[in-house]
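These are my notebook entries on a single chain fold, written while I looked things up in the coordinates.

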Amino acid sequence: MSQVLPSSIAAELFAGRADAIADAARDLALAGWTPATSSNFSMRIDAEHAAITISGRDKGKLGRDDIMLIDMQGKAVGTDARPSAETELHTQIYRRLPQMNVVLHTHSRTQSVASRLFAKEGVVLLEGWELQKAIAGETTHEAALAIPVFPNTQHMPELVAQVDAWLDSGKPLHAYLINGHGIYTWGRDMAETRRHLEALEFLLGCELDLRRLSA
Ligand SMILES: [Zn+2]
């Protein structure tokens with residue numbers, strides 16, 4: 001492995017995180033949610049570091065060598081590898097939401113189409129779906145769960161600023177869509193984060209079906 005770890009990070013800890021990311025990525029790739037090497041996944045290592053997928057790799061075939069260490073500014077640590085262009089969106093979650101330890105970002109067809117359809121409103125309001133309760137802290141289908149849709153840009157600071165503005169307003173944020181692009185969601189551990197991603201994929205698919213059938 002070309003990754004050199006700082007002495008504060010045990011090799012087994014990093015390897016465990018890398019394996020967890022690779023396992024999740026394989027399943028999500030199999031589901032067809034990571035087309036054409038897109039998508040990126042990360043896990044917090046400690047307050048200052050996270051493990052993240054290296055840019056451009058096939059997410060269905062990741063091994064430990066496809067995961068790298070970054071600091072919370074999104075800079076590579078102990079490797080020449082290049083992290084995803086969207087790394088700042090991961091580290092933003094770790095900095096702003098200290099209880100969150102995993103960030104998953106995928107580009108499924110459902111996520112992509114829903115993001116386009118709801119971009120005008122700037123938000124998907126999920127209401128009346130039992131599966132909303134799969135999101136940590138949501139206890140009833142009766143509450144509205146807001147998933148914002150932010151405009152896509154290749155200039156990450158603009159996206160970071162929009163996420164910051166939402167968080168600064170005090171509204172709950174469990175996930176967001178980027179228009180024509182995909183979804184970001186997070187959780188306290190890998191199992192919770194995967195549950196969030198699966199629930200949101202399902203709920204967005206339901207919203208698309210509703211629109212299609214009631215047209
Ligand atoms: Zn992306």
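Entry 1, a strand pair. I looked up β6 and β7 and found that they pair in the parallel sense over 2 bridges; for pairing I require that DSSP finds at least two bridges between two strands. Helices (H or I, at least four residues) and strands (E, at least two) are DSSP runs, numbered from the N terminus. The residue that stands opposite Ile178 of β7 is Phe150. I also noted that β7 is covered on both faces, with Ala175 and Leu177 buried on one side and Tyr176 and Ile178 buried on the other. For burial I count C-beta atoms placed from the backbone: a residue is buried if 20 or more others lie within 10 Å of its own, exposed if 12 or fewer do, and partly exposed in between.

Entry 2, provenance. The model is predicted, so I note that local features need pLDDT of at least 70 and side-chain atom pairs count only at pLDDT 80 or more, while totals for chains, interfaces and linings use all residues. Residues are numbered from 1 along each chain as its sequence is written.

I traced 8 strands in an open sheet of mixed pairing, in the order β3-β2-β1-β4-β8-β7-β6-β5. Its edge strands, each pairing on one side only, are β3 (67–71) and β5 (123–126). Ignoring direction, I find neighbouring strands turned by 20 degrees against each other on average; axes are lines fitted to C-alpha atoms, for helices over the stretch in contact, and angles run from 0 to 180 degrees between N-to-C directions. Strands β1 (residues 40–44) and β2 (residues 49–53) run antiparallel and are joined by 3 bridges, and Met43 has Ala51 in β2 as its bridge partner. Helix α2 (residues 87–96) packs on the sheet, where it touches β1, β2, β3, β4 (102–106) and β8 (182–187), and its direction makes about 145 degrees with that of β2.

Which residues have the most contacts inside the largest nonpolar core? They are Ile21 and Ala51, in a core of 49 residues, where a nonpolar core is a set of buried Ala, Val, Leu, Ile, Met, Phe, Trp, Tyr and Cys residues joined through C-beta atoms within 7 Å. Helix α1 (residues 11–30) gives the most to this core, with 8 residues. Apart from neighbours within four places in sequence, Ile21 is in contact (C-beta atoms, placed from the backbone, within 7 Å) with Phe41, Met43, Ala51, Thr53 and Ile67.

Angles under 35 degrees count as roughly parallel, over 145 as roughly antiparallel, 65 to 115 as roughly perpendicular and the rest as oblique. The axes of helix α3 (residues 109–117) and helix α5 (residues 190–213) come within 9 Å and cross at roughly 55 degrees, so this pair is oblique. On the α3 side the contact includes Val113 and Leu117, and on the α5 side Leu204 and Leu208 are among the residues involved. The buried residues of α3 include Thr110 and Ala114.

I placed Pro35 in the loop between α1 and β1, and Pro35 counts as partly exposed because it has 15 C-beta neighbours inside 10 Å. Pro35 and Gly60 are 25 residues apart in sequence and 9.5 Å apart in space, C-alpha to C-alpha.

Key. Contact = placed C-beta atoms within 7 Å.
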